[in-house]
Amino acid sequence: MSQVDFSYFDCDNHFYESRDAFTRHIEPEFKSRAIQWVEVNGKTRLMVGEKINRFIPNPTFDPISKPGQLDEYFRGRNPKGQDTRELFGELDSLADHPEYGNRDARLAFMDGQGMGGAIMLPTLGVGMEQPLLHDPEALLAAFRAFNKWMEEDWGFAYQERIFAAPIFTLIDADAAVTQLRWALEHDARFILMVPGPVITPSGGRSPSDPVYEAFWQLVNDSGVTVLVHGGDSWYSGYPKDWGESSQTQAFRQNAFKSLVSYNATQDLFANLLAHHHFHRFPNIRIAAIETGSDWVFHLFEKLKKSYGQTPHLYREDPRQTFLRHAYVSPYYEDQLDQLRDLIGADRMLMGSDYPHAEGLADPSSYIKDLQNFKFTDDEAKLIMRDNGLSLTRRRPV
């Protein structure tokens, strides 16, 4: 039974990919170079870029963990001192949960949860870019195939309730534009990227580099919302990863170098702000999903200092720019009231991470954490419904 008396919108739901998610539509010439299934010592494994991939220990998802199994652990409580394997407890059979892989079954299940709509995100897909960076052609082919599967099995705006987000890489600027046009033609409201710099065979590059002008202009003009979601991304935190000069010049002012950290999401926003990205593309909306909210506080501290030291490097206080263009889905165990005081309830998004073990077994119980931090009923509805729903409307106001 739902814990809320209104139909809520979950900005962080996941499906478990079918066995043919990356192979059903793969172009024949990339079958061996991209992603394929192999048998190793009697076990089914995923081979990515001709190497066994262990991003997900059991990529068949059978058996699978129970939703919310690690809830207490992520709240900082483990009174029995159990290791990870023990914490997962008894696993479920995938056959008992058709809602994990079928959109109509999921809609019926959402009805029982009191969930009006949800952004539906990959589980395995967010870990597939990094192991294919060495082979851009295979990476692009894998994502084309995966996005076709996603649209076919889930839909990008299915019954205006399930909003699956096609996954993107900027490893090739022209290919990103082509893929975005395809996604928009299929009614995508959201697109998904892993946070961090663009890593290419020739080195790192800022996502705000002029080479991506056409891509971001199309994002800007269409009103599609960009989601950044944690995944498998190698990131050193060094400015050179973002295409910045590795040579230090004494007293040479550089906004991004004053902001850089070792958090991929924090540095993504820092980089975009330092390069005036949101002034160049004033309609862009970016939502950080399943990356927590600690980074926001650290970013704001750095933005305040950088703006105080070098106001001429910005067109306005970059914190104000952030508040116009960014949305944050905090972990349910975060200091939600402090985040509200920093960015406002109108910039927060509810995300349960259902049905993952580290998420909530009952997504509607998110409201209990809001109530514990004394959020008003109006603030709770903003976070658990209105803000997320507003992002499904593709055309910017």
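Strands S5 and S6 (residues 162–164) pair in the parallel sense over three bridges. Two strands count as paired if DSSP finds at least two bridges between them. Strands (E, at least two residues) and helices (H or I, at least four) are DSSP runs, numbered from the N terminus. The structure is a predicted model, in which local features need pLDDT of at least 70, side-chain atom pairs count only at pLDDT 80 or more, and totals for chains, interfaces and linings use all residues. Residues are numbered from 1 along each chain as its sequence is written, and side-chain values use heavy atoms, with hydrogens and water left out.

Confidence was examined next. The predictor's confidence in each residue is the pLDDT, from 0 to 100. Its mean for the protein is 92. A value of 70 or more is reached by 92% of the residues. Over residues 246–252, however, the pLDDT is below 50. Beyond near neighbours in sequence, this stretch has two contacts in the model. A contact means heavy atoms within 4.5 Å.

Strand S5 covers residues 115–121. Six of its seven residues are buried. Buried means under 20% relative accessible area, with a 1.4 Å probe and protein chains only.

An open sheet is formed by three strands in the order S2-S3-S4, with antiparallel pairing. Strands S2 (35–40) and S4 (51–53) each have a single partner strand, so one side of each is left without a neighbour in the sheet. On average, neighbouring strands of this sheet are turned by 50 degrees against each other, direction ignored. The axes are lines fitted to C-alpha atoms. S2 and strand S3 (residues 43–48) run antiparallel and are joined by six bridges. Glu 39 stands opposite Thr 44 in S3. In a regular strand, side chains alternate between the two faces of the sheet.

His 356 lies in a loop. The loop runs between helix H11 (336–343) and helix H12 (366–372). His 356 is buried, with a relative accessible area of 7%. Leaving aside residues up to four places away in sequence, His 356 touches His 14, Tyr 16, Pro 67, Gly 68 and Thr 123. Thr 123 is 233 residues from His 356 in sequence. In space the two are 8.7 Å apart, C-alpha to C-alpha.

Definitions and conventions: Axes fitted to C-alpha atoms, helices over the stretch in contact; angles between N-to-C directions. Buried < 20%, exposed > 50% of the residue type's maximum accessible area, 1.4 Å probe, protein only.
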